[in-house]
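Below is a short note on the model you sent.

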Amino acid sequence: MTVSALRWEANAFVGFLERQKNLYKRYWAWEMVWVLYTLVTTLSIGYLASGLNSIGMHEDPGKLQAVQLYLLIGALLWSYLSMVFVEVAWTISWERWEGTIEYTMMAPVKRATHLLGVSTFSIFYGLARATLIGAVIVLLFHINLSHANLLSGGLVLVAATFPLIGLGILTCLLPLLSPEKGDQMTVAVQGTLLLVSGVYYPVSVLPGPLQALGLVSPLTYTLTGMREALLQNRGIVETLPSIALLLGMGIILIPAGLWIFGLAEQRAKRLGLLKRSG
Amino acid sequence: MAIQPATQMNSPAIEMRGISKRFRRTGARLPWQKPVSDKVALAALDLTVATGAITGVIGPNGSGKSTLIRILATLTVPDSGTARVFGCDVVEDAAQVRRFINRVSVEAAFFKEMSPWENMLYTARLYGSGGGDTRDRVEKSLHRLGLPLSTLDRPMKQLSRGQQQKVAIARSFLTSPSLLLMDEPTTGLDPRSRRDVQELVGTLRTEHGATVLLSTHDLREAETLCDYVIILERGAVLAEGTPAALRARHELDGVVPSLEDVYLRISGKSLEEDEEEGGEEG
């Protein structure tokens with residue numbers, strides 16, 4: 001790729017970031033509702049742990065706090081990871097709904113620029129949202145982070161972003177191929193990720209087939225790595241296996257996602273699926 | 001890298017040879033049910049459009065106008081045949097074709113909550129601009145189209161249908177296309193907006209040097225605006241020529257018919273009748 005072509009794609013990349021920023025700005029009321037919903041859900045999980053003591057499930061306050069932190073890490077991470085996943089996965093659905101899909105597909109930019117532009121914005125927005133919710137959690141539940149290794153936790157989070165984008169790209173071809181049912185299929189994928197990735201419980205409690213699914217979910221390794229870093233004060237070297245695994249998954253999933261998306265786009269164009277709004 | 005000016009090329013703006021496209025119809029699939037035949041949108045269509053002209057494609061709904069435009073816009077892949085835009089194949093060289101074209105469709109497709117400015121800045125970015133002078137260019141363009149500047153930062157959904165269509169045309173100006181594909185841009189507009197849009201189409205050629213392919217079922221519009229007219233019926237070319245030549249060819253007893261009369265004589269029915277028979281795919 002020449003320098004001028006790179007500049008062209010970089011300009012378009014900025015265009016996708018600006019567009020997403022403007023969309024979020026214009027739909028701010030919706031966003032407030034979603035932030036509130038996510039906050040309420042996360043707090044509910046936190047209070048669920050607090051309530052265990054009252055219903056006689058756990059009487060050791062130290063262990064109770066560990067359980068609470070375990071669950072809150074899961075809830076907070078899930079709010080971030082699922083938000084990024086959904087934003088990427090709904091890239092096509094959103095434009096179908098707005099009626100702009102053909103104009104974006106017709107523009108002289110690479111699909112990678114399009115999808116990675118939307119993904120990048122969702123990462124920044126998701127991090128901002130997760131930080132806000134995290135701050136409320138720390139204040140309300142008096143979270144003790146003295147055993148937390150924030151640096152290795154942060155690295156796990158960064159590494160997790162790559163396979164998540166790849167997974168989102170793979171999922172966003174569902175609405176491309178099935179204008180009527182694609183959205184629901186996206187939600188089903190999201191629900192499956194929640195079930196098998198050990199968000200609120202160790203994957204080991206699942207039946208064998210679900211454990212196998214959990215093994216291929218990047219979220220499983222993200223949650224494992226984060227819990228090791230934040231609950232057990234594991235350093236970078238100790239969390240390196242999780243980080244390496246996540247980066248490896250990203251190296252496979254992003255190019256695979258873009259390639260398969262390209263095939264799906266060709267199929268949609270052959271069958272005349274782009275113009276239908278479902 | 002700017003959009004490449006294609007108008008200096010020697011190739012015709014559009015060259016289609018044997019283009020066919022059919023769409024699978026959903027419906028009866030069970031063995032005891034009557035099978036539903038595919039919808040033929042284009043049937044071995046041959047077409048050449050000269051560079052710099054405004055060429056009208058006339059036909060009822062279901063005649064293949066929109067499919068023709070979607071194929072040229074790289075949004076639909078033909079089943080067979082070749083289609084070239086300024087010498088570039090729409091399937092093999094789709095990325096290059098996209099640099100030459102833009103499209104104005106019957107529905108002004110915008111992010112409805114975003115303002116005209118935000119929508120146009122997005123388009124400018126995708127077409128290699130979006131720098132400091134973009135706001136000026138957008139303002140001038142909208143002013144030229146008779147849109148008050150107060151509309152620039154309001155959500156698109158607050159603009160009238162006519163205003164939205166003008167923004168759609170301004171958006172296409174912004175990308176300086178060598179080939180502009182217009183798919184029934186005046187359908188559903190009030191008479192004044194329709195006239196404004198028709199005037200703008202004329203200025204596209206004179207001021208921007210663009211080749212325009214205008215799909216319409218308004219025969220008066222085609223007669224007024226187009227240098228050359230192609231009449232499509234069931235995915236095939238029924239007749240073509242300049243409006244004057246088509247009218248002269250069907251002169252009867254010294255009376256030169258209108259383009260509408262010509263269409264009636266050739267097809268044996270009115271566009272309205274055909275529209276009632278038209279299929280899902282345009």
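**Cavities, pocket and interface**

1. About 80 Å³ of space lies in the second largest cavity. The model is predicted, and the volumes and contacts in this note are computed from it.

2. The lining of this second largest cavity consists of A:Arg19, A:Gln20, A:Leu23, A:Glu87, A:Trp90, A:Thr91, A:Trp94, A:Glu95 and A:Val118. H1 and H4 of chain A each supply at least two residues of that lining. By class the lining has four nonpolar, two polar and three charged residues.

3. The largest cavity has a volume of about 100 Å³, and the structure holds five cavities of 30 Å³ or more. Of the 13 residues lining the largest cavity, A:Tyr103, A:Thr104, B:Tyr122, B:Thr123 and B:Arg171 lie nearest its centre. H5 of chain A and helix H3 (116-126) of chain B each supply at least two residues of the lining; H3(B) gives the most, with four residues. The lining divides into seven nonpolar, five polar and one charged.

4. The largest pocket has a volume of about 900 Å³. It is lined by 35 residues, and those closest to its centre are A:Trp34, A:Val86, A:Glu87, A:Trp90 and A:Gln190. Helix H2 (28-54), helix H3 (61-89), H4, helix H6 (111-141) and helix H8 (182-196) of chain A each give at least two residues to the pocket lining. That lining has 18 nonpolar, eleven polar and six charged residues.

5. The contact between the chains takes 36 residues from chain A and 42 residues from chain B. The area buried between them is about 3,500 Å², with carbon and sulfur atoms giving 54%. On the chain A side, A:Trp8, A:Tyr103 and A:Met106 lose the most area to chain B, together 23% of what that side buries. A:Tyr103 is also among the residues nearest the centre of the largest cavity.

6. How many salt bridges does the rule find across the interface of chain A and chain B? There are six. A salt bridge joins the side chains of A:Glu18 and B:Arg125, at 2.9 Å from N to O. Polar contacts between chain A and chain B number 18 residue pairs, both residues at pLDDT 80 or more.

7. Helix H1 (3-26), helix H4 (91-98), helix H5 (101-106) and helix H11 (236-271) of chain A each supply at least two residues of the side that touches chain B. H1(A) gives the most to that side, with 14 residues. The residues of this side divide into 17 nonpolar, nine polar and ten charged.

Terms used:
Residues numbered from 1 in each chain as written. Chains lettered and ligands numbered in written order. Predicted model: local features only at pLDDT ≥ 70, side-chain atom pairs only at ≥ 80, totals over all residues. Heavy atoms only, no water. Contact = heavy atoms within 4.5 Å. Buried area = accessible area lost by both parts, 1.4 Å probe. Salt bridge = Lys/Arg side-chain N within 4 Å of Asp/Glu carboxyl O. Polar contact = N/O pair within 3.5 Å; in protein donor to acceptor, adjacent residues only side chain to side chain. Nonpolar A, V, L, I, M, F, W, Y, C, P; charged D, E, K, R; others polar. 1 Å grid on protein atoms, 1.4 Å probe; cavity = no way out; pocket = protein on both sides within 12 Å on 5 of 7 lines; lining within 4 Å. Points joined across faces, edges and corners; volume = space filled by probe spheres on them.
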